[in-house]
Each structure stands twice: as structure tokens, then as C-alpha cells.
Amino acid sequence: MAISSMTGFARVEGALAGDSWCWELKSVNGRGLEVRMRLPSGFERLERDIRASASGRFARGSINIQLQYQPAATETGYRINRALLQTLLDLVAEHESAPNLAPARLDGLLAVRGVVEAAENDAGDSDAGVEAGEARLAAMLADFNVALDRLAEARREEGARLAEALGQHVDEIALLVAQVRNHASRTPEALRQRLRDQIAALLDANAALPEERLAQELAMLATKADIAEELDRLDTHIAAARDLLGKDGPNGRRLDFLCQEFNREANTVCSKAFDGEVTRIGLELKVTIDRFREQIQNIE
């Protein structure tokens, strides 16, 4: 079987030059394709490539993508922005005589945003820093594509399990349709007797019924008693379901539409049934179709 589920999980870890990261991808059911991302600050530029790769790989499902990033440890973790600190000291000296102004403390000045900076920013604007950053992003995207591969494989594995269950449901539907088709109440003699009984009841209720009206009533009774067309259409739907379950590609929507057709014919069979056993089989048919429909909601 070649169908895929919409549920799956994948995790890929990577590292380069002391930096490390981890991709986590989780996919659940969805009417269409929805891609949600949680990226660390500074990695927003990855979003376009991530969305394009996911859209090119999957057709349906709600996919949650999370990136965790840990930069390399450095011997000098931070530096002092002395120019900004001097500006603050000059400002303090300029207003030190102001009334009701508490004397400035060094720890307070160091807490001002921008005075203490991460040391890794020293090389951030250099050619070497830019090149290293590009190499890191390329490695992260490569690992993301590996995670997509693993997610697709997880969805295929789940799809294989679903295909087996769906195939069993289709076999059950086929068996129930065959039971209705071969039921004793549908033999020519049984149908003729049923029609004779209905004609007798009709004449008893209205003995003076005109021949033209009688012919119309007989035609209606014969049509209501005949479910051959419904059974033929059910056989056609069964063949279509088996064909879709064996095809590559996202066929979940087609299978869902086919379930609606299954239900339509099953409802007609139940409404036309004039035998209690046929009604019971028809109800079991509807239950099996409903189980089939529930499982299809997981198919891409």
C-alpha cells in the first residue's frame, strides 16, 4: 500500500564548530496543509526555506516545527561596551549635583542594555563571521531536510498500518453487499410474491382504482422493491476504494468523498428493504462504512 498518514514525528540533532541544534517536527490531522514554526531569535530568515520545503513534501496535515539552538561556549563570554559606559559616566557627572538624585552605582550602569555585550558579536560583522554564519545556516537547513525525510517515513509507516485496517473494512463492506444481493428475499419468486401482496393490498383499499392509476402504482412498487442499481453502485465504489488505497499520492479527500457515496447507497438499501434480515445487514453496512470514514480522516 502506498498511502500516507497525516500523523508522525521526527527529531534530528546537528552541530558545527561548537554550535548545536535540534529540529523537532510533529504532524497531526488537518483539512489542508498548515505549517507552524517556533524559531529562536535571529533565525527568522530560515522561515521561507522551511515553508517551501515542507510544502513541496506534504499536501495535507498540520505540521509543527521547532528549532532549538545552543551556540558554542567561548572563553570570554561577554565584553564591555566602553564607549556606551563612558557616555553614561559623563551623564552621571553632569547631573551629580542635582537634588534628590541618588549616586550612581557601577552595577546599575552595567545593567543598562547594551553596556554588556556577548563576545560572539565581535566577529559577527567580519567576513569570517558572515561566512561562518552562512555555513551554520546551510548545515541547519540540511538537517531540517533530513527531519522532513524522517517525518515522511513515519507518515508512510503509519499509512501502511491504516491501509491494512482500511482494506479490511472494504472487504467487510463487500461481504455485506454480497449478503444483501444473495438474500432469499431478492429471488425472482420472492419479489413477484411481494409485488402480488402489494397489489392485493392496493386493490382492497380501493377496488375502483382506474387501470392507468393502477399501472402507475405497480411501477412505483416495482421500483421501490428493486435495489439492484444500488448494489451495482456499491460494487463500483468498492472497486474504486481498493484502487485508491493502492495508489501513490494524497488520496484522503477522494476517499472521503467516496465514503459519502457509500453512505448514500447504503441509506437507500435500508429504506427499500422489506425484509428484516436485509434491514439488519443494511444497518451493519452503514456501521462498517462509518468505521471506514473515521479511519480515512487520518489519510493525507
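Visitor: In this predicted model, which handedness has the crossing where helix 7 passes helix 8?
Guide: The model is predicted, not experimental in origin. Helix 7 covers residues 228-245, and helix 8 covers residues 252-272. Where helix 7 passes helix 8, the crossing is left-handed.

Visitor: How are helix 7 and helix 8 oriented to each other, roughly parallel or roughly antiparallel?
Guide: Two packed helices are described by the angle between their axes and the distance between the axes. Here the axes come within 10 Å and cross at roughly 160°. Angles over 145 degrees count as roughly antiparallel. Helix 7 and helix 8 are therefore roughly antiparallel.

Visitor: Which residues of helix 8 meet helix 7?
Guide: From helix 7 come Glu230, Leu231, Arg233, Leu234, His237, Ile238, Ala240, Ala241, Leu244 and Leu245. Their partners in helix 8 are Arg254, Leu255, Leu258, Glu261, Phe262, Glu265, Thr268, Val269 and Lys272.

Visitor: What span does helix 8 reach from its first C-alpha to its last?
Guide: Helix 8 has 21 residues. At 1.5 Å a residue, 30 Å is expected. The model comes close to that, at 31 Å.

Visitor: Which residues of helix 8 are buried?
Guide: An α-helix has 3.6 residues a turn, so residues three or four places apart point the same way. The cut-off for buried is under 20% relative accessible area. The buried residues of helix 8 are Gly252, Leu255, Leu258, Cys259, Glu261, Phe262, Glu265, Ala266, Val269 and Cys270.

Visitor: How many aromatic pairs are there?
Guide: Ring centres must lie within 6.5 Å to pair. By this rule the count comes to three.

Visitor: What is the geometry of the pair Phe262 and Phe292, stacked or edge-to-face?
Guide: A pair of aromatic rings is described by the distance of the centres and the angle of the planes. The centres of Phe262 and Phe292 are 6.3 Å apart, and the planes stand at 85°. Planes over 60 degrees apart count as edge-to-face. So the pair is edge-to-face.

Visitor: How many residues apart are Phe262 and Phe292?
Guide: The pair links distant parts of the chain. Phe262 sits in helix 8, and Phe292 in helix 9 (residues 276-296). Phe262 is buried at 0% relative accessible area, and Phe292 is buried at 0% as well.

Visitor: Which residues is Thr288 in contact with, leaving aside its neighbours within four places in sequence?
Guide: Thr288 is placed in helix 9. With a relative accessible area of 1%, Thr288 is buried. Its contacts are His169, Glu172, Ile173 and Leu176.

Visitor: Is Ala17 buried or exposed?
Guide: Ala17 lies in the loop between strand 1 (8-16) and strand 2 (19-28). Its phi is near 50°, a positive value in a residue other than glycine. Relative accessibility is 73%, and the cut-off for exposed is over 50%. So Ala17 counts as exposed.

Visitor: How far apart in space are Ser4 and Gly249, C-alpha to C-alpha?
Guide: Ser4 lies in the segment before strand 1 and counts as buried, at 14% relative accessibility. Not counting residues up to four places away in sequence, Ser4 touches Arg155, Arg156, Gly159, Asn298, Ile299 and Glu300. Gly249 is 245 residues from Ser4 in sequence. In space, the C-alpha separation is 8.0 Å.

Visitor: What percentage of the residues of the protein count as buried?
Guide: The protein has nine helices and six strands. Its residues number 300.

Terms used. Residues numbered from 1 in each chain as written. Predicted model: local features only at pLDDT ≥ 70, side-chain atom pairs only at ≥ 80, totals over all residues. Heavy atoms only, no water. Helix = DSSP H or I, 4+ residues; strand = E, 2+ residues; numbered from the N terminus. Expected span 1.5 Å × (residues − 1). Buried < 20%, exposed > 50% of the residue type's maximum accessible area, 1.4 Å probe, protein only. Phe/Tyr/Trp six-rings, centres within 6.5 Å; stacked < 30°, edge-to-face > 60°. Axes fitted to C-alpha atoms, helices over the stretch in contact; angles between N-to-C directions. Parallel < 35°, antiparallel > 145°, perpendicular 65-115°, else oblique. Left-handed = near helix turned anticlockwise from the far one by under 90°. Contact = heavy atoms within 4.5 Å.
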